[in-house]
Protein chains: 2
Amino acid sequence: VTARLISVDWGTTSLRCYLVGRGGAILDRRTSDRGILAVGQDGFEATLLNEIRHWRSSAPELPVVMSGMIGSRQGWHEAAYVPCPAGIQDITANLHSIAVQGCGPIWIVPGVDTRSKTGRPDVMRGEETQIFGALTGLGCTDALFVLPGTHAKWATVVDGRIVGFSTYMTGEVFSALKDHTILGRLMATPPSFDASAFERGVTNSEGTQPGDLLNLVFSARTLPLSGQLGDDEVESYLSGLLIGAEIRAAHTRGRRTADTVHVLGGAALTARYIDACKILGISAKPIDGECVVLGHVAIADAIELPDSS
Amino acid sequence: VTARLISVDWGTTSLRCYLVGRGGAILDRRTSDRGILAVGQDGFEATLLNEIRHWRSSAPELPVVMSGMIGSRQGWHEAAYVPCPAGIQDITANLHSIAVQGCGPIWIVPGVDTRSKTGRPDVMRGEETQIFGALTGLGCTDALFVLPGTHAKWATVVDGRIVGFSTYMTGEVFSALKDHTILGRLMATPPSFDASAFERGVTNSEGTQPGDLLNLVFSARTLPLSGQLGDDEVESYLSGLLIGAEIRAAHTRGRRTADTVHVLGGAALTARYIDACKILGISAKPIDGECVVLGHVAIADAIELPDSS
């Protein structure tokens, strides 16, 4: 298979490069810990060229498509956010191009921003590419996505455009509560996942106000203190509380456009979200495949990058 | 004025002793950092006797009333929780008595526990005494209280009994978010309180689901990132978001029994809660005075402790 482009997912703490063939087949891949925080402002070009040198030796003009925090203010070059509604044409019209001597075109995909109804801004950078890749894989133009993680993103796509999204700090709040509040003190170490404690957390995550969460999380202390939850169940219970609360809130907001939630993330976390949706009676499906790469291929298709073969 | 009792507020990190006269006048006081965590299981008696030795030298039989974490499993002796509804007679009927050679009676006040409508347990230890003291000061038998802090307590009192309460981990969640998530990175140091940023946070704390809080707090990142909030405003804004969310949720739950929220805490935090209530159109009043001492006097009155004069 002939190589068509190099796909680069460059985040805060990791750098993933893929050699991609026609039709999106991954021909080769390289992963390193050279995220943008580990690479100085002057080191991006050298780091990239070093990572992809073997692939370029036979095809120096291969185009490179990059997304993630590499396009942030702390990255190689800031690619300004594209406002919602943002379709793939809006993305390609705002790619940031970098010229490097002896290289084919290098593009940075911009992030996307939006505003809540009450005017609070929200941003994503990297997730837009995964979403466009997932749409390609699904072969549809309307969908509701969740990308679980440190900062989980819920995004609604209508007619192929991201019309709105919301960030939930679920992963980071979970870590902060676990490692830096009294809630962690009753947790068994090493942690192990307990499905029934997780389910109990999801079930208990109900309420009518944002502030209820400040009260709900205290049950991760009072239940074990009163002998109603084992030390080895506390962590899974707290995870269920937070993920359940996130899904209830985000799905209420997003379900106008879709009945099924498409879950796009790592295997373990995706499984938890699928479980939690099931407990809450919400239809959910995992998205398989390397969505970043599919997204870069879709972007390359949209701008009709020169065929380097 | 003749001394009537020794009032002891013995918490996790501090020990406060008061020499109290007839009518509740504070004749003398001593504060130390000998909280229960700093005192080993075998050191409670020696620590107490050392703190109050000057007072006892002239009146060795003075009764001692103690409340706070000294009555927890990690304290001197566990005084089992009294269930709601809990009035002062329920408390005095469950005091734990400790006999120490050559001393007057030493009593530990029990904590109070309750259950949410969905069966989640909640507990307080020490706050019950402050609430009974505040009731004495107010001269009423029905009131809604908030005791702000690391674990804020909202308690409803009807006919002189605590009929229910809820804990909100607002203070501890605020610290964890500030010091251990990305939200702290955009905060100016040293922090300074900004009243208008606090108000903006309170105003923005609205939502319809517990999980909305996981999204709302992200605005403490996106607003400064997009230039809509200064670095020196982020901390006050986040404080307003969390305190506002807590008050909206707790007041919704508590207002069936009272229109006015009585705020019982340290001066700075009490002022923030009064401000936040005002912004939300909720009537709120600070409680002045040493409520712990007033509570111990009320308990002593209820059990008719022997007059040591």
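User: Buried means under 20% relative accessible area, exposed over 50%, and partly exposed in between (1.4 Å probe, protein chains only). By that rule, is Asn215(A) buried or exposed?

Analyst: Asn215(A) counts as buried, at 3% relative accessibility. The model is a predicted one, in which local features need pLDDT of at least 70 and side-chain atom pairs count only at pLDDT 80 or more, while totals for chains, interfaces and linings use all residues. Residues are numbered from 1 along each chain as its sequence is written, chains are lettered from A and ligands numbered from 1 in the order in which they are written, and side-chain values use heavy atoms, with hydrogens and water left out.

User: Where does Asn215(A) lie, and what does it touch?

Analyst: Asn215(A) lies in helix H7 (residues 212-216) of chain A. Helices (H or I, at least four residues) and strands (E, at least two) are DSSP runs, numbered from the N terminus. Not counting residues up to four places away in sequence, Asn215(A) is in contact (heavy atoms within 4.5 Å) with Arg120(B), Asp122(B), Ser166(B), Thr167(B), Tyr168(B) and Arg253(B). Its side chain reaches the backbone oxygen of Thr167(B) at 2.7 Å.

User: And the interface as a whole: how many residues are in contact?

Analyst: On chain B, 50 residues are in contact with 50 residues of chain A. The buried area, meaning the accessible area (1.4 Å probe) that two parts lose on being put together, summed over both, is about 4200 Å². Carbon and sulfur atoms give 64% of that area. Arg120(B), Pro210(B) and Leu214(B) supply 18% of what chain B buries against chain A, more than any other three residues.

User: How many salt bridges are found across it?

Analyst: The rule, a side-chain nitrogen of Lys or Arg within 4 Å of a carboxyl oxygen of Asp or Glu, finds zero salt bridges between chain B and chain A.

User: Changing topic, which residues of H6(B) are buried?

Analyst: In helix H6 (residues 195-203) of chain B, they are Ala197(B), Phe198(B), Gly201(B) and Val202(B). These residues cover an arc of only 145° around the axis, which puts them on the same side of H6(B). The arc is that of the directions from the helix axis to the C-beta atoms.

User: Where are the cis peptide bonds in chain B?

Analyst: One joins Cys84(B) and Pro85(B), with omega about -5°. Another joins Thr189(B) and Pro190(B), with omega about -5°. Pro190(B) is in the loop between H5 and H6 of chain B.

Terms used. A polar contact is a pair of N or O atoms within 3.5 Å; within protein, one must be able to donate a hydrogen and the other to accept it, and residues adjacent in sequence count only if both atoms are side-chain atoms.
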